[in-house]
There are 2 protein chains.
Amino acid sequence: MSVTAPKGFRAAGVTAGLKSTGKRDVALVVNDGPSAAAAAVFTSNRCIANPVIWSKQVLADGTVSAVVLNSGGANCYTGAFGFATTHHTAEAVADAIGVSAGDVVVCSTGLIGVGDETFRRHVLDGVALAADVLEDGAAAGDRAAEAIMTTDTVAKTATREGPGYTIGAMAKGAGMLAPGLATMLVVITTDADLESAGLDAALRAATRTTFDRLDSDGCMSTNDTVVLLASGASGVTPGAEFTQLLTELCAELCRKLQQDAEGASHDVTITTVGAASEQDAEDVSRAVARSNLFKAAIFGNDPNWGRVLAAAGTTDATFDPLVLDVTINGVMVCKEGTPHEPADRVDLTPRDTLVEIDLHAGTDTATILTNDLTHDYVHENSAYAS
Amino acid sequence: MSVTAPKGFRAAGVTAGLKSTGKRDVALVVNDGPSAAAAAVFTSNRCIANPVIWSKQVLADGTVSAVVLNSGGANCYTGAFGFATTHHTAEAVADAIGVSAGDVVVCSTGLIGVGDETFRRHVLDGVALAADVLEDGAAAGDRAAEAIMTTDTVAKTATREGPGYTIGAMAKGAGMLAPGLATMLVVITTDADLESAGLDAALRAATRTTFDRLDSDGCMSTNDTVVLLASGASGVTPGAEFTQLLTELCAELCRKLQQDAEGASHDVTITTVGAASEQDAEDVSRAVARSNLFKAAIFGNDPNWGRVLAAAGTTDATFDPLVLDVTINGVMVCKEGTPHEPADRVDLTPRDTLVEIDLHAGTDTATILTNDLTHDYVHENSAYAS
């Protein structure tokens, strides 16, 4: 089940010719209401793709009737022609389903610089095909989730049941996973009845500790979009549990993105505890997550805790460097800044890897999810465009 | 020629048993004066090794009589015992050559967490051996340069001749090359006659645009030290050209460090022009230098300019994202934010790679030197400790 799990949504995923493999490459998600409330978060990159420029404007009034997504081209740095393509795409969706183009979110993913006339023709063909086969069943949601895959090896979906309402979601992303956000497109639907302000607050709360803390390779995308649509079709106005359920759903999608990260052989959870603030804890965890030396060591099953500390030392977090502890997969290899349990006791053969840094400076904590740096990562990312 | 090129210096490089290969691993450089003026810059990492804690104190009065350096162990996060080892090492040098321990700089390089009793014994053995064979010839300088190598494949030295004086240097470093500084030990000697304040100003000016802009893999070391010793033995007080010559010498060493970076197959020069400030230009160049996706693309001979812009967009530099130009090896692949010359015109087969980003926001410029992300980098850094 995916974006069609809640009542009031139809979806489609079709083959429009953007992917040379002939796989599905255009997805459409339509909110049939009665409500069209929505919220979204976008990449914090300043260099953004045409669909992001467009969709930020669409979200300005908190109303979204449909989301159209394509893989096979990011439509980023494609000039005025590329922006016109996004505009035409929204208008084509609007015409097909009888809504305003100003209520259609557009998402694209693929190579930057790809967005020529062929790209435009394929996307518009895809919109026509998708509009014809919109359905509200589980299979339609699955087809949509499949159509947004790029280097993903599996389609990523999640659902949560609240009291009297449902939340459904699909996500794509397999690299360039970094804060604010990542090469990530996520559509979340719910039949709960919430105004856009309430959706926005819930979505920001949920992404702050989930997608924003997934940092696979330190690289930030130009196209990231996470959009939340509420149809209100359940007639239920949810309570505070909605944010909790939404956060759980986002966390599940994060884990699925991490587990499918390009070329990774370890899923690394880096938790900093004993911090003076949550921001300090996040900064330290993220610095470790971005150390290529640390990430290469984990690939080599080498519990090289020196590289953890060398990364921690690049931050402004409050701590005394001489009393830091480092624990890897349950073995405290460094205590108070001195070698402690023998590093050869650490078993790094499981894919799941846990690194804990204790700053002994307070009570706050934060976790970053990352991956190791592998030969397959280098291979996939050196050969992607060619 | 190396640190013994200027008058007034003796050096040694000996085998003390720290390297399992039996290669030289302890170096000693002695300033016989008449002056003992000195300056140094250290890693800006907050997690620093015992020799750095010690040597920062030594430099407080601007007087240095000798520098002792070892490979085969970083003596970092080795606790009180490790600091005592550094202290004993300085005292052993002081006793052997008849100076104050407070004027002996200590540098260590190798694995973090290595600094036990065996390490101490080997280092102290090395000091005794080195003190016995101090010489002022070129061969002695070369032996010292050899003794500080870790994963370096070549010893790195450089000299410059000023009017009536000489500058000589040795450096080690082959990875973890990042600002402020890198896994880098550099000893620079001169027989010019300058006070420590003048040396400090010249050294900071030189390193600001050289070692601080070498960013091989974004990782910052715990042990970096660049120390400049002046013997005054030439009797010449240099003019403003000293800083220029020193900068040239540091730039030459930077290139040698870049060219020997672990596993690299491209030496990448990233220049940002048209910036509103030098800091903006540096920030953009460095963001690109730290993008694993960009670095993997260069390894794959793929002129993926989208990854250049995606990295630029993560900075706070002043620019309009829609008018950026990107030129790779002389081919302007992106002009005013739109695809321009065909990317397949870019020849990335040479090791030297030039990337230029024009922000169209001013007249300032800055260059960062980096390397690509290769299978060999992953291999070397996943297998180093084991």
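User: Through which surface do the copies meet, the same one or different ones?

Analyst: Start by listing the interface residues of each chain. This is a predicted model. Here 100% of the interface residues of chain A are also interface residues in chain B, so the copies meet through the same surface.

User: How many residues does the contact take from each chain?

Analyst: Contact means heavy atoms within 4.5 Å. The contact draws 51 residues from chain A and 51 residues from chain B.

User: What area is buried between chain A and chain B?

Analyst: About 4200 Å² is buried between chain A and chain B, and carbon and sulfur atoms give 62% of that area. On the side of chain A, look at A:Arg46, A:Tyr77 and A:Leu293. These supply 18% of the area that chain A buries against chain B, more than any other three residues.

User: Which rotation superposes chain A on chain B?

Analyst: A rotation of 180 degrees, with 0.0 Å of shift along its axis, puts chain A on chain B with an RMSD of 0.0 Å. The two copies are thus related as by a two-fold rotation axis. To place that axis, find A:His375: in chain A, its C-alpha is the nearest to the axis, 2.7 Å from it.

User: Now charges. How many salt bridges are there between chain A and chain B, and how many over all chains?

Analyst: Side chains of opposite charge can pair when their charged atoms come close. Between chain A and chain B the count is zero. Over all chains, the whole structure has 33 salt bridges.

User: Which side chain meets A:Glu278 in a salt bridge?

Analyst: That of A:Arg208, with 3.1 Å from N to O. This pair links distant parts of the chain, 70 residues apart. A:Glu278 is in helix α7 of chain A, and A:Arg208 is in helix α5 (residues 196-208) of chain A.

User: Which element gives the most to the lining of the largest pocket?

Analyst: α7(B), with four residues.

User: What classes of residue make up the lining of the largest pocket?

Analyst: Sort the lining residues by class. The lining has 16 nonpolar, twelve polar and 14 charged residues.

Technical notes:
Residues are numbered from 1 along each chain as its sequence is written. Chains are lettered from A and ligands numbered from 1 in the order in which they are written. This is a predicted model: local features need pLDDT of at least 70, side-chain atom pairs count only at pLDDT 80 or more; totals for chains, interfaces and linings use all residues. Side-chain values use heavy atoms; hydrogens and water are left out. Helices (H or I, at least four residues) and strands (E, at least two) are DSSP runs, numbered from the N terminus. Ala, Val, Leu, Ile, Met, Phe, Trp, Tyr, Cys and Pro count as nonpolar, Asp, Glu, Lys and Arg as charged, and the others, Gly among them, as polar. Copies are superposed by least squares on the C-alpha atoms of residues with pLDDT of at least 70 in both. Buried area is the accessible area (1.4 Å probe) that two parts lose on being put together, summed over both. A salt bridge is a side-chain nitrogen of Lys or Arg within 4 Å of a carboxyl oxygen of Asp or Glu.
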